[in-house]
There are 2 protein chains.
Amino acid sequence: LIIGIDVESGERHFSELIDGVLRSTSKLTDIKINIIGKKNNILSNYPNLLQNKQILLTNADEVVNMDESPVSAVRKKRDSTVVVGTTLLKNNEIDCFFSPGNTGATVASSIFSLNTIIKSKKPALSASFPSKSGHETILIDIGANPELTEDNLFNNAILGLAYYSILWDKPYPTIGLLNIGSEHGKGSKILKNAYDLISKIPSFIGNIEGYNLFNGSVDIAICDGLTGNSIIKMAESMTAFFMETISESFSVKDNKEIMQKLYPRFFGGAPLLGVDGLVIVGHGNCTGKDIENAIELAYFLHNKNYIIRMRENIEKLISNT
Amino acid sequence: LIIGIDVESGERHFSELIDGVLRSTSKLTDIKINIIGKKNNILSNYPNLLQNKQILLTNADEVVNMDESPVSAVRKKRDSTVVVGTTLLKNNEIDCFFSPGNTGATVASSIFSLNTIIKSKKPALSASFPSKSGHETILIDIGANPELTEDNLFNNAILGLAYYSILWDKPYPTIGLLNIGSEHGKGSKILKNAYDLISKIPSFIGNIEGYNLFNGSVDIAICDGLTGNSIIKMAESMTAFFMETISESFSVKDNKEIMQKLYPRFFGGAPLLGVDGLVIVGHGNCTGKDIENAIELAYFLHNKNYIIRMRENIEKLISNT
């Protein structure tokens with residue numbers, strides 16, 4: 001397993017991310033990491049880096065900035081970390097590509113280099129939420145595609161189903177459509193149409209609400225990219241606020257058992273579902289610890305035959321609906 | 001100040017809600033509560049209720065159920081708690097109406113009975129989020145209107161501004177548009193158009209993300225009703241999950257100072273902004289404690305001349321943009 005890690009396009013300095021990489025390689029001795037970034041610059045900070053047999057280094061001189069228009073930036077910056085990374089993945093020089101940069105650019109570059117598994121369909125990102133029962137709910141889409149249409153919502157349901165059964169080895173995970181009320185007929189016209197489309201899937205349980213994300217009552221929650229992105233970022237910020245406020249009086253952070261329950265299994269990286277390759281997207285403020293989690297996710301999914309099973313699952317689901 | 005409380009259309013038994021009312025009247029001795037529900041039934045549970053000089057009781061034989069289509073239910077059930085309550089408010093027999101029932105029905109009945117302050121504009125609901133600094137952010141809309149259009153988002157900005165200055169006595173609160181990234185040009189076409197419309201307001205700070213809801217960096221966060229509803233319900237469920245998990249080892253709930261920081265000032269009730277009267281919407285699972293909070297919110301807003309100032313503020317804002 002070789003994982004390509006873009007260490008340049010996040011908001012933090014590459015050294016924090018490389019330190020995370022080095023912690024991972026010392027734990028997982030059967031993987032290699034191909035670090036993608038400004039080679040000379042990285043080597044002047046880490047002169048002995050390539051003496052580590054688990055580390056490769058690929059030069060990429062450019063970065064797509066957070067405020068650039070994704071499609072035109074990816075077309076123009078052929079030597080950017082995302083274009084270099086997705087091209088390595090396409091050429092089977094790496095098995096997984098991770099980037100904490102401009103999400104739109106990672107999505108666009110992944111589509112250009114790798115294509116989607118079903119040509120016309122848009123990819124989506126998913127995140128997991130913990131619950132009291134230990135059962136995780138995945139939310140999809142959390143920001144690959146902000147356009148709210150019934151077709152996109154149906155597509156998110158297919159991608160979520162295909163992915164969940166790999167993540168948790170559960171053949172018929174339940175699906176709910178995030179709406180303003182649980183009753184049938186709630187919400188806008190687009191949501192009503194999406195409800196009818198997703199009803200073709202036997203494990204669809206109907207509309208769900210924000211309440212359902214943390215109580216373990218559904219496996220897969222479907223929404224548009226704006227709603228999902230706002231929810232996931234708000235959850236991060238709320239967690240930080242809670243932790244800081246409670247830590248004024250209680251040493252919660254030192255209690256490993258509690259901390260493990262409060263965070264999902266693979267916090268920090270979201271697979272870009274639907275593209276024909278294993279691409280993991282991190283948030284812009286990605287830390288070394290997030291890199292370690294993303295590498296663990298890549299390791300887990302690779303060992304589960306992620307991409308072969310995604311192709312099979314999606315084909316089966318599409319032909320059944 | 002007379003506050004009408006619909007005790008029938010929530011998910012909990014009316015006695016829980018009436019107990020909350022009675023706790024409030026013993027704290028706030030200068031208010032009256034007009035309890036709206038099935039009179040005989042309530043009196044057989046509380047035979048001495050009307051000996052309390054702060055309590056009135058208005059009969060309403062019907063309830064709009066959670067799964068009914070709001071507009072047709074409100075047209076048909078003329079003796080339902082929401083129609084009776086909004087009619088009392090229209091006739092100045094009460095100064096505020098609270099309902100924990102079907103939100104769509106409360107919205108529809110409020111529009112029919114009271115009209116909106118600007119005729120063609122839809123009302124919206126707002127909720128508050130706490131932050132480390134003690135500064136609260138309001139999110140608007142949290143579910144009055146699930147249709148995502150640029151006009152609705154602009155309208156939510158006007159309503160949010162008009163309301164925030166009453167809530168916090170701050171004349172130029174900052175406004176942000178909830179989007180998938182903070183940079184200009186992010187998001188769907190509707191969000192880009194909304195950005196341009198809201199840019200006419202001088203205190204607009206641009207796009208914001210879910211992160212901004214708990215860090216006190218913006219006063220008013222604008223979004224559509226589906227996104228806002230999902231966020232607020234998810235926040236409730238996440239809070240419950242955190243509290244339960246942490247309480248396994250730490251007695252956080254007994255620490256009043258921490259608990260006050262973790263919850264917003266008026267948790268449990270959201271004013272229906274834009275209708276020409278003070279209507280407060282509770283969630284379906286509304287408890288007696290939520291009733292107390294909603295009564296405190298009504299008391300606070302009434303003393304701030306809520307409806308007169310909403311009319312003035314909206315008129316001023318519309319003529320300035």
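Helix H8 of chain B covers residues 225-247, and its 23 residues reach 33 Å from the first C-alpha to the last, close to the 33 Å expected at 1.5 Å a residue. The expected span of a helix is 1.5 Å times one less than its number of residues. Helices here are DSSP runs of H or I with at least four residues, strands are runs of E with at least two, and both are numbered from the N terminus. This is a predicted model, in which local features need pLDDT of at least 70 and side-chain atom pairs count only at pLDDT 80 or more, while totals for chains, interfaces and linings use all residues. Residues are numbered from 1 along each chain as its sequence is written, chains are lettered from A and ligands numbered from 1 in the order in which they are written, and side-chain values use heavy atoms, with hydrogens and water left out.

How many residues of H8(B) are buried? The count is 19 of its 23 residues, so the helix is mostly covered; buried means under 20% relative accessible area, exposed means over 50%, and partly exposed lies in between (1.4 Å probe, protein chains only). At the start of H8(B), a side-chain oxygen of Asp224(B) comes to within 3.2 Å of the backbone nitrogen of Leu226(B).

Now look at chain A. Helix H8 of chain A (residues 225-247) has 23 residues that should span 33 Å at 1.5 Å a residue, and the 33 Å between its end C-alpha atoms agrees. H8(A) is mostly covered, with 19 of its 23 residues buried. At its start, a side-chain oxygen of Asp224(A) reaches to within 3.2 Å of the backbone nitrogen of Leu226(A).

## Salt bridges

A salt bridge is a side-chain nitrogen of Lys or Arg within 4 Å of a carboxyl oxygen of Asp or Glu. By this rule there are 24 salt bridges over all chains. One of them joins Lys27(B) to Glu296(B), with the closest N and O atoms 3.8 Å apart. Lys27(B) lies in helix H1 (residues 14-27) of chain B and Glu296(B) in helix H10 (residues 288-303) of chain B, so this pair ties together parts that are 269 residues apart in sequence. Lys27(B) is partly exposed, with a relative accessible area of 46%, and Glu296(B) is partly exposed at 33%.

Another salt bridge in chain B is between Lys304(B) and Asp169(B), whose closest N and O atoms are 2.5 Å apart. This pair links distant parts of the chain, 135 residues apart: Lys304(B) is in the loop between H10 and helix H11 (306-320), and Asp169(B) is in the loop between H6 and strand S7 (175-178). In chain A, the side chains of Glu183(A) and Lys186(A) meet in a salt bridge of 3.7 Å, N to O, and both residues are buried. Chain A also has a network of salt bridges that links Arg23(A), Lys27(A), Glu292(A) and Glu296(A).

Ser165(B) is found in helix H6 (residues 150-168) of chain B. Is Ser165(B) buried or exposed? Its relative accessible area is 12%, so Ser165(B) counts as buried. A polar contact of 3.2 Å joins its side chain to that of Asn313(B). A polar contact is a pair of N or O atoms within 3.5 Å; within protein, one must be able to donate a hydrogen and the other to accept it, and residues adjacent in sequence count only if both atoms are side-chain atoms.

Lys77(B) sits in the loop between helix H3 (70-76) and helix H4 (81-90) of chain B. At 14% relative accessibility, Lys77(B) counts as buried. Not counting residues up to four places away in sequence, Lys77(B) touches Glu62(B), Val63(B), Val64(B), Asn65(B), Glu68(B) and Val83(B), where contact means heavy atoms within 4.5 Å.

## Backbone details

The peptide bond from Ile140(A) to Asp141(A) is cis, with omega near 15°. Asp141(A) is in the loop between strand S6 (137-140) and helix H6 (150-168) of chain A. In chain B, the peptide bond from Ile140(B) to Asp141(B) is cis, with omega near 15°.

Which angle of Asn92(B) is positive although Asn92(B) is not a glycine? Phi is, at about 60°. Asn92(B) lies in the loop between H4 and strand S4 (96-99) of chain B, and is exposed, with a relative accessible area of 66%.
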